[in-house]
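Welcome! Please take a moment to look over the structure below, and then let us walk through some of its details together.

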Amino acid sequence: YRFLGEPVVQACVENGASCIDISGEPQFLEGMYLKYNEKAAEKGVYIVGSCGFDSIPADMGVLYTRDKLKGTLTAVESFLSVKSGPEGVCVHDGTWKSAVYGLADEDNLKKLRKKIGYAPVPVVGPKLKKRGFLFYNQEFKEYCIPFMGSDGSVVKRTQRYLHTELQETPVQYGAYVNVGGLGSVIKLMFAGILFFLLVKFNFGRKLLTKYPEFFSAGRFTKEGPTQKQMDGTSFTMTFFGEGYSEGQDPQNGKPNVKICTEVKGPEPGYVATPIAMVQAAVSLLEDAASLPKRGGVYSPGAAFSKTKLIDRLNKRGVEFSVISKPEV
C-alpha cells in the first residue's frame, strides 16, 4: 500500500466512490487520513482502511467487549494465537515487505502524526501498563510479545473518533501475540535481532526482500501458503477487559468488573481477511443509515460501530463470543 495504494484512494475520492482496503501499514492508513479526510467528507464517500485481518478482529473485538460489559469498559488487552496443522503456517512475502519498509521508515510515521496533530485521548481509570518486550502469560502458559501489526494504532484512532465525535468513554488498548515455549522464543530472538539490524540499511532491506524465505525460516515465501496449510490454520484473539460496574464512577476507585471475550476464525491472511473485507463492504452498502453522518477516512470501528458488521461476521465463520461474564 505504501507504494501502490494512494492512486486507488485518490481515484475513489475524485470520482465519488467509497473504498475499502486491507492495509496493515499505519503510515499509509494515517497518511490517507491526513490527505483525503476532508475531500472524502465533501464528496460524501467513505474510505475505510485495514478491513482485513489487520484490523477488524482487534478493532471490532474491542467494541464487542465494550458492548458486552454491563458498565464502563476502560482497558483491554488482546492476545493473538495462531494454530497450524502438520503442514505449518506460511504467509505471502507482501506482508513481509510491509514490515520491512514500515520498520525502516518509523521516524517518518512520527513526523506524520505530528503533522496530523492528534488530540490526546484521555485516560479513564488506571493507566494500562505496557508489558515488556517478552513476558510469560499465566493464562495461556506461553511466552508473549507485543503485536507488531497496525492493530494498536487502528484501535486508538477508533477510540479517539468515538470519544471526540460521539462522546463515548475511550478504551485503552494493548495488543500482544502468543509465541509459544522457550524454544520458539530463542528462535524468534535470533531472527528478530537479525531483522532489526538489516532493516536499518538499504543493502539489508534488499537482502530481506529478495530472500524472505531464508530470513523468516520459511514463514514468508514468494508463493504464499498451500491449500493444505490454509486448511490447517486458524486464529483466536482473546480479549481481557476491565472496567467499572453500572453506577460506579470510573474517575474514582479501582476497576471492579472484568470480562473475557474472543474472536475466532479460519486462516487469517487468505480466508478470514476476505470474509472481513467483503462483510465490511456489505455493511457499507446495506447499513448506510448507521454509518457516520459525513464521509471521510475512517478506521473500521469508527465506520462500523453502529452497523451489523459483527452479526454478519458471526454468520460467516469469524465468530465473536463472551468467554466469561464480569463478577463484581
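In what sense do β10 and strand β12 (residues 319-324) pair, and over how many bridges? They pair in the antiparallel sense, over five bridges. Please keep in mind that this is a predicted model.

**Strand β10 and its partners**

Let us stay with β10 for a while. On the side of β12, the bridge partner of C260 is S324. β10 also pairs with β9, again in the antiparallel sense, here over 10 bridges. Within that pairing, M237 has V263 in β10 as its bridge partner. Seven of the 10 residues of strand β10 (residues 257-266) are buried, so the strand is largely enclosed by the rest of the structure. In a regular strand, side chains alternate between the two faces of the sheet.

**Aromatic rings**

Next, the rings. The whole structure holds 17 aromatic pairs. One of them is formed by F79 and Y176, which are stacked, with 5.5 Å from centre to centre and 25 degrees between the planes. F79 belongs to strand β3 (residues 71-83) and Y176 to strand β7 (residues 172-180), so this pair ties together parts that are 97 residues apart in sequence. F79 is buried, at a relative accessible area of 1%, and Y176 is buried as well, at 5%.

F140 and F240 make an edge-to-face pair, with 6.1 Å between centres and 75 degrees between planes. This pair, too, links distant parts of the chain: F140 is in the loop between β5 and β6 (142-146), while F240 is in strand β9 (residues 234-245), 100 residues apart.

**Salt bridges**

Now for the charged side chains. The count of salt bridges comes to 13, and three of them are set out here.

| Salt bridge | N to O distance | Relative accessible areas |
|---|---|---|
| K222 and D93 | 3.5 Å | K222 44%, D93 4% |
| E262 and K264 | 3.9 Å | E262 14%, K264 39% |
| E286 and R312 | 3.7 Å | E286 59%, R312 13% |

The bridge between K222 and D93 links distant parts of the chain: K222 sits in the loop between β8 and α10 (227-231) and D93 in helix α4 (residues 93-104), 129 residues apart. D93 is buried, whereas K222 is partly exposed.

In the bridge between E262 and K264, E262 counts as buried and K264 as partly exposed.

E286 counts as exposed, while R312 is buried. Elsewhere, R66, D67, E168 and K306 are linked in a network of salt bridges.

**Backbone details**

Some places in the backbone deserve a second look. Most residues other than glycine have a negative phi, and most peptide bonds are trans. S55 lies in the loop between β2 (46-48) and α3 (56-68).

S50 is also in the loop between β2 and α3. S50 has a positive phi of about 50 degrees, although it is not a glycine, and it is buried, with a relative accessible area of 0%. A217 has a positive phi as well, of about 55 degrees, and is not a glycine either. You will find A217 in the loop between α9 (212-215) and β8 (220-221), where it counts as exposed at 73% relative accessibility.

**A nonpolar patch**

Finally, turn to the surface. Which residues form a nonpolar patch there? They are F133, L134, M148, M189, I193, F196 and L197, with about 700 Å² of accessible area together. One of them, F133, is placed in the loop between α5 (106-116) and β5 (135-137).

How values were computed. Residues are numbered from 1 along each chain as its sequence is written. This is a predicted model: local features need pLDDT of at least 70, side-chain atom pairs count only at pLDDT 80 or more; totals for chains, interfaces and linings use all residues. Side-chain values use heavy atoms; hydrogens and water are left out. Patches are made of residues with over 30% relative accessible area and no salt bridge: like charges are joined within 9 Å, nonpolar side chains (Val, Leu, Ile, Met, Phe, Trp, Tyr) within 5 Å. Accessible areas come from the Shrake-Rupley method with a 1.4 Å probe; for residues, only the protein chains shown count as cover. Helices (H or I, at least four residues) and strands (E, at least two) are DSSP runs, numbered from the N terminus. Rings of Phe, Tyr and Trp (its six-membered ring) pair if their centres lie within 6.5 Å; planes under 30 degrees apart count as stacked, over 60 as edge-to-face and the rest as tilted. Buried means under 20% relative accessible area, exposed over 50%, partly exposed in between (1.4 Å probe, protein chains only). Two strands pair if DSSP finds at least two bridges between them.
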